[in-house]
Amino acid sequence: MTEEVVSIRRLGRPGDLGWVVMAHGEIYATEFGWDTSFEALVAKIVADYAGRHDERREAAWIAELGQHRVGCVFCVAADEDTGQLRILLAVPLARGRGRGGRLVDECLEFARQAGYKRMKLWTNDPLAAARKIYLSRGFTRTEEEPHHSFGADLIGQVYELGLAG
């Protein structure tokens, strides 16, 4: 049996924005029991990106398997020198084959070309597979703080990575 190739493209087709919100809401509810406040956060991130983003410094990608969306990642400006990796997702059927890593690599390459000096991201402790990707790309944890969000007790974590010029 041959494995289908996943392609990665820029976000921008009709349905992409809604899919990002829906997929995050459904998957995180199923896998972690998170409530709709998480989906609302993702909706705000997506709406902010869709409403106003600088195409030279901000971008988003969709991973596809055939004609089906199976993942996403966003790169947005945190400040003049810092890009922020946001809402990385690989759907369950697309996991375990390096696809999440490919999305992160696409984001990091864009950030370097956009002139960012560093990248940061915020995640939560149950997201072990994503954390493994971040650590394998050289991110280091710089902050950690317990919080109650999305209907769960979590430990929020900030990771950062210097980008070579």
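Predicted model: local features only at pLDDT ≥ 70, side-chain atom pairs only at ≥ 80, totals over all residues.
**Ground rules**

I number residues from 1 along each chain as its sequence is written, and my side-chain values use heavy atoms, with hydrogens and water left out.

**Entry 1: the largest pocket**

I began with open space, working on a 1 Å grid over the protein atoms alone, where a pocket is an open set of points with protein on both sides within 12 Å along at least five of seven lines, and where a lining residue has an atom within 4 Å of a point. A volume here is the space filled by probe spheres set on the points, which are joined across faces, edges and corners. The largest pocket comes to about 400 Å³. I found 23 residues lining the largest pocket, and the closest to its centre are Ala90, Arg95, Ala129, Ala130 and Ile133.

I then asked which elements supply the lining, taking helices (H or I, at least four residues) and strands (E, at least two) as DSSP runs numbered from the N terminus. At least two lining residues come from each of α1 (16-32), β4 (82-90), α3 (99-114) and α4 (128-136), and α4 gives the most, with 5 residues. Sorted by class, the lining of the pocket has 13 nonpolar, 4 polar and 6 charged residues; I counted Ala, Val, Leu, Ile, Met, Phe, Trp, Tyr, Cys and Pro as nonpolar, Asp, Glu, Lys and Arg as charged, and the others, Gly among them, as polar.

**Entry 2: strand β4**

β4 pairs with β3 (residues 68-77) in the antiparallel sense over 6 bridges, and a hairpin joins β3 to β4 through 4 residues. β4 and β5 (residues 118-124) run parallel and are joined by 3 bridges, with Thr82 opposite Arg118 in β5. I also noted that β4, α3 and β5 make a right-handed β-α-β unit, meaning that, with the strands pointing away from the viewer, the path from the first strand over the helix to the second runs clockwise.

Is β4 enclosed or open? 8 of its 9 residues are buried, so β4 is largely enclosed by the rest of the structure; I use buried for under 20% relative accessible area, exposed for over 50% and partly exposed for in between (1.4 Å probe, protein chains only).

**Entry 3: the cysteines**

How many disulfides does the structure hold? I found 0 disulfides, a disulfide being a pair of cysteine sulfur atoms within 2.5 Å. For Cys72, the closest cysteine sulfur is in Cys107 at 11 Å, which is too far for a bond. Cys107 is in no disulfide either, and the nearest cysteine sulfur to it, that of Cys75, is 4.2 Å away. Cys72 is buried at 0% relative accessibility, and Cys107 is buried with a relative accessible area of 0%. Cys75 has Leu85 in β4 as its bridge partner.

**Entry 4: single residues**

Most residues other than glycine have a negative phi. I therefore noted Ile87, not a glycine, with a positive phi of about 40°; Ile87 is found in strand β4 and is buried at 13% relative accessibility. Phe150 is another non-glycine residue with a positive phi, of about 60°, and Phe150 lies in the loop between β6 (140-149) and β7 (152-162), buried at 8% relative accessibility.

Last, I looked up His53, which sits in the loop between α2 and β2 (59-65) and counts as partly exposed at 28% relative accessibility. His53 and Val5 are 48 residues apart in sequence and 30 Å apart in space, C-alpha to C-alpha.

Conventions:
1 Å grid on protein atoms, 1.4 Å probe; cavity = no way out; pocket = protein on both sides within 12 Å on 5 of 7 lines; lining within 4 Å. Pairing = 2+ DSSP bridges.
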